[in-house]
Amino acid sequence: MLTHASDQSMKNKITIHLASPRGFCAGVDRAIEIVKKSLEKFGAPIYVRHEIVHNKHVVESLRKKGAIFVDELSEIEDGCRPVVFSAHGVSKSVLEDADIKQIEYIDATCPLVSKVHKEAEQLCKHNYHILLIGHKNHPEVIGTMGQLSNGATDLIETREDAKNYINKKKGKLSYITQTTLSVDDANEIIQILKNKFPDIKEPKKDDICYATTNRQLAVKKIANKCEMFFVIGSRNSSNSKRLVESAKKSGCSKSQLLYSTNAIPIKEILKCRNIGISSGASAPEVLVKEFIDKIKEKADIEIDEIEFAKENIVFKIPNKLI
Ligand code: SF4
């Protein structure tokens with residue numbers, strides 16, 4: 001039975017199913033560490049091209065420490081200061097531009113994104129035309145396409161794109177993917193391509209990264225027990241948006257992205273007995289804690305953390321910062 005929220009002795013009880021793993025992945029941890037170590041080594045300010053990871057909270061805390069975020073190198077006012085490239089990776093032309101401008105750079109591209117870049121280069125070297133499955137205008141996709149010359153890669157965003165794709169050059173085809181896609185959606189697109197082009201070359205190992213896969217599987221495991229499901233993350237975070245889709249597909253129609261504590265639908269939450277929480281790979285754990293604390297003010301809560309997988313991956317930071 002629901003009780004008046006202000007009546008402390010008669011709060012309603014909500015079980016919070018907490019997905020694990022959630023939140024920061026090894027690539028995000030490394031990118032943030034690279035900015036912090038760069039500030040230590042070079043002093044403030046340092047420039048960071050693009051949001052280092054897609055999270056306002058993280059960006060603001062680094063800004064306070066002396067990071068200046070820019071969208072393009074042309075916005076850098078003091079070319080004597082170093083620039084850090086974000087975890088999403090950058091086109092080769094950006095590295096060349098930094099060299100021409102003689103700007104020192106530290107590349108925080110996630111090693112798992114770099115792996116896809118190398119894969120693309122190898123495929124191109126062996127005369128494969130590449131289909132990149134991903135989301136148009138996402139920085140990672142721009143960076144991956146920018147590893148090769150124009151026309152070497154075609155973007156496949158949807159099942160329709162895959163169905164309608166015509167191999168105009170008639171040469172060998174291959175595919176690679178963005179690292180943060182929905183595993184299910186990507187598999188459907190891949191199957192369409194394989195049916196259409198049985199000889200299409202596939203990556204030796206999935207390009208969708210371990211963190212994306214684990215977070216989606218953890219959400220799927222609990223979403224059907226929940227009346228509402230929340231994914232803490234930014235509106236421009238691809239992997240966070242995919243987690244919301246996973247929760248919906250797994251049976252929780254009231255699944256949503258929670259991008260600000262101001263957007264918490266507390267009245268609706270208080271009508272539930274079971275809710276689920278996860279967070280995107282770029283969302284710090286403190287935001288999960290803040291959200292739970294807000295609910296705790298109004299309800300008795302029980303936390304049920306469900307661990308799908310253990311993660312112990314750590315990526316090295318560049319030698320020049322050690
Ligand atoms: S989501 Fe995956 S690819 Fe992206 S930064 Fe994290 S580990 Fe790297």
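These are my notebook entries on a few places I looked up in this structure, which is a predicted model.

**Helix α9**

Next I turned to helix α9, residues 238-249, and checked its length. With 12 residues at 1.5 Å a residue, the helix should span 16 Å; I read 17 Å between its end C-alpha atoms, so the two agree.

Which residues of α9 are buried? My list has S238, N239, S240, R242, L243, V244, S246 and A247. I then looked for what covers them, and the cover includes α8 (210-223) and the strands β9 (228-232), β10 (255-258) and β11 (274-279). Just after α9 I noted G251, with a positive phi of about 115°.

**S282**

From β11 I moved on to the loop that runs between this strand and α11 (285-296), where S282 is found. Is S282 buried or exposed? Its relative accessible area is 5%, and because buried means under 20%, S282 counts as buried. Leaving out residues up to four places away in sequence, I listed what S282 touches: F24, V28, V53, H54, N55, V58, S237 and N239. N239 had already turned up in my list of buried α9 residues.

I went through the backbone for cis bonds and wrote down two entries.

- The bond from S20 to P21 is cis, with omega near 5°. I placed P21 in the loop between β1 (13-20) and α1 (26-42).
- The bond from A44 to P45 is cis as well, with omega near 0°. P45 belongs to the loop between α1 and β2 (46-49).

**Positive phi outside glycine**

N127 is not a glycine, yet its phi is positive, at about 65°. I located N127 in the loop between α4 (111-125) and β6 (128-133). Its relative accessibility is 62%, so N127 counts as exposed.

K170 is another residue other than glycine with a positive phi, here near 60°. I found K170 in the loop between α6 (159-164) and β8 (172-177). How exposed is K170? Its relative accessible area is 71%, and therefore I marked K170 as exposed.

Terms used
Residues numbered from 1 in each chain as written. Predicted model: local features only at pLDDT ≥ 70, side-chain atom pairs only at ≥ 80, totals over all residues. Heavy atoms only, no water. Helix = DSSP H or I, 4+ residues; strand = E, 2+ residues; numbered from the N terminus. Expected span 1.5 Å × (residues − 1). Buried < 20%, exposed > 50% of the residue type's maximum accessible area, 1.4 Å probe, protein only. Contact = heavy atoms within 4.5 Å.
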